[in-house]
Amino acid sequence: NCGHLLLAISAATEVSFSFDVGNGPVEIVVRSPNPLNDDQWHRVNAERNVKQASLQVDQLPLEVRKAPTEGHTRLELYSQLYVGAAGGQRGFLGCIRSLRMNGVTLDLEERAKVTPGVKPGCSGHCTSYGMYCANGGKCVEKYNGYSCDCSKTAYDGPFCIKDVGAFFEEGMWLRYNFHSPGTSVKDLVSRTLLSSADPEITAPDLSLNKEELSFSFSTTKSPCVLLYVSSYTPDFMAVLVNPSGNLQIRYNLGGTKEPYNIDIDHRNMANGQPHTVNVTRNGRDIVLQLDHYPPASYSLPATSDIQFNSPKALFLGKVIEIGKIDQDIYKYNTPGFTGCLSRVQFNQIAPLKAALRPTNTSSHVHIQGELVESNCGASPLTIPPMSAATDPWHLDSGKVAIIADFPYNGQAIGDGVNRNSAIIGGVIAVVIFTILCTLVFLIRYMFRHKGTYHTNEAKGAESAESADAAIMNNDPNFTETIDESKKEWLI
């Protein structure tokens with residue numbers, strides 16, 4: 001009676017546990033919906049006893065096989081334990097850790113030190129360096145290192161720290177559709193102009209009990225719509241800049257006569273500076289974080305619904321929906337948002353990144369106008385601005401002041417002068433300034449040396465072997481003589 005026991009990766013999405021106790025081979029297979037060769041750690045637990053055998057991989061369902069009622073139950077093994085490879089089998093390339101058999105932890109590190117082709121210390125790079133994947137980036141193990149997966153974030157770059165943003169010209173807008181992946185791009189564009197009450201559109205069976213929204217922006221014009229989330233129902237969420245330049249968060253989830261508003265009236269947000277906004281709603285509780293200010297908590301009215309029913313689309317810059325729209329929002333649509341939006345993320349959706357980077361959700365995006373990538377809204381202020389009383393650069397309205405505007409990428413300056421004209425004017429000014437400084441330096445140099453020359457010829461130069469010898473043979477105080485008596489002035 002000679003048995004065997006084998007635990008193997010039988011396919012990219014399969015782990016198999018096979019054994020033979022003398023009654024014939026038995027195999028248990030766990031199939032994963034995702035590939036297992038993804039450079040991530042996976043936990044495998046295989047067990048066999050007299051009653052049953054089981055196999056579990058990660059959090060996937062446990063696979064169980066009952067033992068036969070009759071026959072052999074004892075597994076007798078006469079060969080050594082092979083880890084990573086056995087005779088004639090394809091070897092394992094990767095890392096194995098925390099190997100336990102019958103409750104005993106096997107010391108793989110010591111054996112790896114004396115085994116060719118095997119190295120100890122494979123604890124995983126993400127264990128040590130995963131913290132460098134910022135802003136929700138997922139650390140991915142590599143054979144000789146690691147990488148950061150930023151696909152579920154609104155950021156880009158090796159460590160998911162690069163903001164992905166864009167400049168919006170007047171009248172431009174972006175729409176991200178919440179829809180099934182099978183919907184065609186042609187259908188997406190047609191839906192833009194369809195009413196939410198269209199009978200051909202069936203509202204998806206989806207409701208949100210919580211949302212997480214974060215983005216940064218900069219603008220000098222108000223009022224405007226920054227972000228709007230529509231639905232197949234009257235429910236909506238909006239982030240606005242009102243005519244006074246103050247920020248407003250507006251929720252309409254049903255159950256109230258008027259939308260619930262959160263007004264931030266302690267500062268002007270349309271001052272051309274980057275500002276960051278983070279809004280989190282969980283049921284009735286809302287937390288708002290604005291720039292460097294402490295988080296502020298709010299609560300929806302007791303009569304308000306707490307479900308955001310059937311979300312339809314997310315708009316940036318403008319709301320283009322044929323149907324009933326809040327009157328203030330409708331008025332704020334004209335002329336539209338002008339400025340910068342950056343790192344926009346609504347739950348797991350990053351609409352700007354989907355528009356500017358080829359991702360698997362890029363087909364969800366429809367753009368009206370030209371979207372220009374820019375980081376002009378990427379750096380929110382971390383220091384509170386000075387008040388007018390303490391700001392040494394603040395001038396009263398009655399005083400004359402020279403104001404220098406530094407526009408963002410593509411942003412228009414007053415009186416219709418665009419960014420390119422400002423750059424050209426700045427370059428010309430620098431060139432003129434450099435030329436003037438050079439002329440001043442040359443004039444000063446010429447006047448300083450005009451009409452003056454020195455004669456350092458020593459006495460006895462005719463009989464000396466060289467000029468150096470004549471100077472050395474001359475008066476020891478020849479330096480002072482040159483400075484005082486050998487200088488001739490022409491008047």
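Which hand does the link of Cys126 and Cys139 have about the S-S bond? The link of Cys126 and Cys139 is left-handed, with -90° about the S-S bond. This value, like the others in this passage, comes from a predicted model.

The structure holds four disulfides. A disulfide is a covalent bond between the sulfur atoms of two cysteines. In the disulfide of Cys126 and Cys139, the sulfur atoms are 1.9 Å apart. This pair links distant parts of the chain. Cys126 belongs to helix H2, and Cys139 belongs to strand S9, residues 138–142. The two positions are 13 residues apart. Both Cys126 and Cys139 are buried.

Another disulfide joins Cys133 to Cys148, with an S to S distance of 2.0 Å. The torsion about the S-S bond of Cys133 and Cys148 is about -80°, so this disulfide is left-handed. Cys133 lies in the loop between H2 and S9, while Cys148 lies in strand S10. The pair therefore ties together parts that are 15 residues apart in sequence. Both Cys133 and Cys148 are buried.

Cys150 and Cys160 also form a disulfide. Their sulfur atoms are 2.0 Å apart. The link of Cys150 and Cys160 is left-handed, with -90° about the S-S bond. Here too, distant parts of the chain are linked. Cys150 sits in the loop between S10 and strand S11 (155–156). Cys160 sits in the loop between S11 and strand S12 (162–163). The two cysteines are 10 residues apart. Buried means under 20% relative accessible area. Cys150 has 8% relative accessibility, so Cys150 counts as buried. Cys160 is buried as well, because its relative accessible area is 0%.

Two further cysteines were examined for accessibility. Cys224 has a relative accessible area of 1% and is therefore buried. Cys437 stands at 38% relative accessibility, so Cys437 counts as partly exposed.

Aromatic rings were considered next. A pair of aromatic rings is described by the distance of the centres and the angle of the planes. The count comes to 10 aromatic pairs. One of them brings together Tyr129 and Tyr132. Their ring centres are 6.4 Å apart. Planes under 30 degrees apart count as stacked. The planes of Tyr129 and Tyr132 are at 25°, so the pair is stacked. Tyr129 is partly exposed, because its relative accessible area is 39%. Tyr132 is also partly exposed, with a relative accessible area of 45%.

Tyr129 forms a stacked aromatic pair with Tyr146 too. The distance is 5.8 Å centre to centre, with 5° between the planes. This pair links distant parts of the chain. Tyr129 is in helix H2 (residues 125–129), and Tyr146 is in strand S10 (residues 145–149). They are 17 residues apart. Tyr146 has a relative accessible area of 24%, so Tyr146 is partly exposed.

Elsewhere, four aromatic residues form one cluster. Its members are Trp173, Tyr228, Phe236 and Phe315.

Charged side chains also meet rings. The charged end of Arg48 sits over the ring of Phe19, 6.0 Å from the ring centre. Arg97 lies over the face of Trp41, at 3.7 Å from the ring centre.

The last element described is a sheet. Strands of a sheet pair through backbone hydrogen bonds, either parallel or antiparallel. In this structure, three strands form an open sheet in the order S1-S2-S3. The pairing is antiparallel. Strand S1 (4–11) and strand S3 (26–31) are the edge strands, and each pairs on one side only. Neighbouring strands of this sheet are turned by 15° against each other on average, direction ignored. Strand S2 covers residues 14–20. Six bridges join S2 to S3, and these two strands run antiparallel.

How values were computed
Residues are numbered from 1 along each chain as its sequence is written. This is a predicted model: local features need pLDDT of at least 70, side-chain atom pairs count only at pLDDT 80 or more; totals for chains, interfaces and linings use all residues. Side-chain values use heavy atoms; hydrogens and water are left out. Two strands pair if DSSP finds at least two bridges between them. Helices (H or I, at least four residues) and strands (E, at least two) are DSSP runs, numbered from the N terminus. Axes are lines fitted to C-alpha atoms, for helices over the stretch in contact, and angles run from 0 to 180 degrees between N-to-C directions. Rings of Phe, Tyr and Trp (its six-membered ring) pair if their centres lie within 6.5 Å; planes under 30 degrees apart count as stacked, over 60 as edge-to-face and the rest as tilted. Buried means under 20% relative accessible area, exposed over 50%, partly exposed in between (1.4 Å probe, protein chains only). A charge sits over a ring if NZ of Lys or CZ of Arg is within 6 Å of the ring centre and within 35 degrees of the ring normal. A disulfide is a pair of cysteine sulfur atoms within 2.5 Å.
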